[in-house]
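Hi,

Have a look at it first, then read on.

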Amino acid sequence: MATFLYKLGRLTFRRRRFVALIWVALLALAGFGAASASTATSSSFSIPGTEAQRAFDLLEQRFPGASADGATARVVFKAPEGEKVTDAANKGEITGIVKELRSGSDQVAQVADPFEAQAVSQDGSTAYISVSYKVNSMELTDQTRDALEEAGKDAQGSGMKVEIGGDALQVMPHTGTAEIIGVVIAAIVLVITFGSLIAAGLPLVTALIGVGIGVSLITALANVLDLGSTTPILASMIGLAVGIDYALFIVSRYRAELADGREREDAAGRAVGTAGSAVVFAGLTVVIALVGLAVVNIPMLTKMGFAAAGTVAIAVVIALTLVPALLGFAGKRVMGRKARKGAEAAESTDAKGAKTPSLDKAEDTAKAKDTTKGADAKPNMGTRWARFVLRRPVWVMLVGILGLGVIAVPAASLEMGLPDDGAQPKSTTQRQAYDMLSDGFGPGFNGPLMVVMDGKDSSDPKAAAERVSKEIESIGVVAVTPARFNKAGDTAMITVIPKDRPSSHATEEVVHDIRDAGRDIKADTGAEVLVTGATAMNIDFSQKMNDALVPYLALVVGLAFLLLMLVFRSILVPLKAALGFLLSVIAALGAVVAVFQWGWLGSLFGVEQTGPIMSMMPIFMVGVVFGLAMDYEVFLVTRMREAYVHGESPGQAIVTGFQHGARVVTAAAVIMMAVFAGFIGSSEQMVKMIGFSLAVAVLFDAFVVRMAIVPAVLALLGRKAWWLPRWLDRALPNVDVEGEKLQKQLTEGPAASGSDSGSDSDGGDGHGGERELVRV
């Protein structure tokens, strides 16, 4: 693989104008597709195999005009202090708005008059109009939304407070200025790391191009593939982070090859052949983990995973092709100012002394040796840290494991669910409507349950429905509406108002109690009882995600072990990497529970309402962090293995690995954290939670597991860390991630000492001295 990537890197470097033109054209085409695509008309949410989904499907068959999965809205009214909504003036206003809503759009299915539907609070201070639509929230037209928003303005003028809740006003979530801050922080880190604006700008430019293409394609295909509104945000979050990191590794290796005296074209080939091999592997792990979300069998999550995986794949291809092409345009400016001055001084000396190419190469070798000696005389921070870990490996390992273990303790209290309007910012009309309903009627009115009775196999459906209502009332709920039958008289709908808010544990118990009672009813009457509605759908979704978490985690960890065994030709190193990944994930879950479920430091991160952790977040975090953890593992430990294979002692190999890789991995991790943390500023609770979880997961995995626990464990294992049974060594294919075969070929091949041929027409000093190797 390394040899192929070496050829690819040199080819794209030489044909940089053509390569850059292709990517610009792809970006333009994707942008045009996104701009000309019709607005997504559907964002269906289905959970195959769950009771709530079966109930929805049954309602579509037996109540064809009921639009069970249509959008809903609640217009909530609160009378001024000292007045009631039943007062003549206020009642007249509300009745007028009911008529206005019914005639405001042909997408309206039903508008319930609060005075006829008993939707007035006992103290008379609050009332609400229930509006149901024929289509889901994504299919509502702007005219329909405007009619809903305008409906209560006249009532507000009369002194009543009017707010609107429900999914009818659902809009695309925004991330705010914090996302831009994340990108700015990434730029600062890159400038500090490279000491060159050009080198720092390359990863940002290429990452933005990759994200632009990925998100534009998602937008263009959103209507066709039925993609949710948060899919582009999550794809951009992951694509931006990995895109910057992958380009960072390529550019860093390219600069290192130039510092060793390589010609620019050869340096680009070697950078793509070595660091590019690790980029392919790291990107592959992220893609596999994201695509693996399909095993959960929830269409929305599957599409989200595939969309994010596609963006990651684009980031990998850009790192392997566009980055070396842009390096060709950058010329010597990709190096820092000091390095450029040193090179110019050397060129000036060469011009005066008229040295031969052979002497130049001998001098380059001497300079490289001198540089190595200088590094030994003044070790960098990575080297000093590695030596510290080697002196106290037990203490470092214990502190790291115990520290993450303490942070992971809250994960034992993990409760999963889906956020409702109660998790919205307090300034939104949805949140204020939610609070007004809770104050006037009780929290349960924000999440009514829909009980569906299938009496097709029952001898007396009406008697069965009466028993269902009595059983539900005995459970202890606020209200149970009379059963409403379909035309055939074989199916009934019953609305149940629980006592507690939709996302509470008590409401979940009510759902389970109704379902338990339904089994007895079916045994006695033949009528099947199903619980559905948005609240029950969320409960079933959370349960399915909870059941899938452990199998998915086992799949990912097992995959990590096999892939790393291929890379490192070892058993203990992959085992250590997989266990470290588990530790960082559980610690990150503990931090998420502490902040979003317990409320610790919640105000610092904009958490206005604590509650259960979003159901898809743990699995999604596992998939993403798995790829990133393997990313850092590969870039750090491959240097160690390379040094060990070339004869260094296990301890010295650890130092060598940190000397060359710690700075880049640190920069990559800080950039990842900055990009992910930028999404904490989103108004959408789901995006905020995912951004926080990924940021802390990268913090724990990169700086505690990879930078501390990994070298400590390797120091304690010594040579045993690199042990692999001979039979397994013969059975495993050699993927050559470190580029050993490439280095050997370049050293021994006839092209390794090729001379310059041709000039660089783009203003740089690239050469084609080893082009014979491209044809090998």
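Trp598 is partly exposed, at 35% relative accessibility, and Trp600 is exposed, at 52%. The cut-offs here are under 20% relative accessible area for buried, over 50% for exposed and partly exposed in between, with a 1.4 Å probe and protein chains only.

Before going further, a word on the source: this is a predicted model, in which local features need pLDDT of at least 70 and side-chain atom pairs count only at pLDDT 80 or more, while totals for chains, interfaces and linings use all residues. Residues are numbered from 1 along each chain as its sequence is written, and side-chain values use heavy atoms, with hydrogens and water left out.

Back to the rings. The structure has nine aromatic pairs, where a pair means rings of Phe, Tyr or Trp (its six-membered ring) with centres within 6.5 Å; planes under 30 degrees apart are called stacked, over 60 edge-to-face and the rest tilted. One of them is Phe441 with Phe445: the centres are 4.9 Å apart and the planes stand at 40°, so this pair is tilted. Both residues are buried, Phe441 at 15% relative accessibility and Phe445 at 11%. The rings of Trp598 and Trp600 have centres 5.1 Å apart and planes at 65°, which makes that pair edge-to-face.

Now the overall picture. The chain has 26 helices and 11 strands; these are DSSP runs numbered from the N terminus, H or I of at least four residues for helices and E of at least two for strands. Of its 776 residues, 54% count as buried. Among contacts (heavy atoms within 4.5 Å) with a separation of 6 or more, 79% are between residues 24 or more positions apart.

On to the sheets. There is an open sheet of four strands in the order β2-β3-β1-β4, with antiparallel pairing; two strands pair if DSSP finds at least two bridges between them. β2 (108–112) and β4 (161–165) are the edge strands, each with a single partner, so one side of each has no neighbour in the sheet. On average, neighbouring strands here are turned by 15° against each other, direction ignored. Inside the sheet, β1 (residues 72–78) runs antiparallel to β3 (residues 126–133) over seven bridges, and Phe77 stands opposite Ala127 in β3. Helix α16 (residues 429–441) packs on this sheet, touching β1, β3 and β4, and its direction makes about 110° with that of β4. For those angles, axes are lines fitted to C-alpha atoms, for helices over the stretch in contact, and the range is 0 to 180 degrees between N-to-C directions.

Val75 is worth a click. It is found in β1 and is buried, at 0% relative accessibility. Which residues does Val75 touch, not counting those up to four places away in sequence? Leu101, Ala127, Tyr128, Ile129, Leu148, Val162, Glu163 and Ile164. Its C-alpha atom is also 6.6 Å from that of Gly165, 90 residues apart along the chain.

Another set of strands involves β6 (residues 449–454), where five of six residues are buried. β6 runs antiparallel to β9 (residues 491–497), with six bridges, and Val451 stands opposite Ile494. β6 also pairs with β10 (residues 528–532), again antiparallel, over five bridges; there Asp454 stands opposite Glu528.

In α9 (residues 231–259), 27 of the 29 residues are buried. At 1.5 Å a residue the helix should span 42 Å, and the end C-alpha atoms are 42 Å apart, which agrees; the expected span is 1.5 Å times one less than the number of residues. After α9 comes Gly261, with a positive phi near 95°.

In α21 (residues 617–645) sits Glu633, which is buried at 1% relative accessibility. What does the side chain of Glu633 join in a polar contact? The side chain of Lys576, at 2.5 Å. A polar contact here is a pair of N or O atoms within 3.5 Å; within protein, one must be able to donate a hydrogen and the other to accept it, and residues adjacent in sequence count only if both atoms are side-chain atoms. Leaving aside neighbours within four places in sequence, Glu633 is also in contact with residues including Leu564, Phe568, Arg706 and Val710.

Cheers
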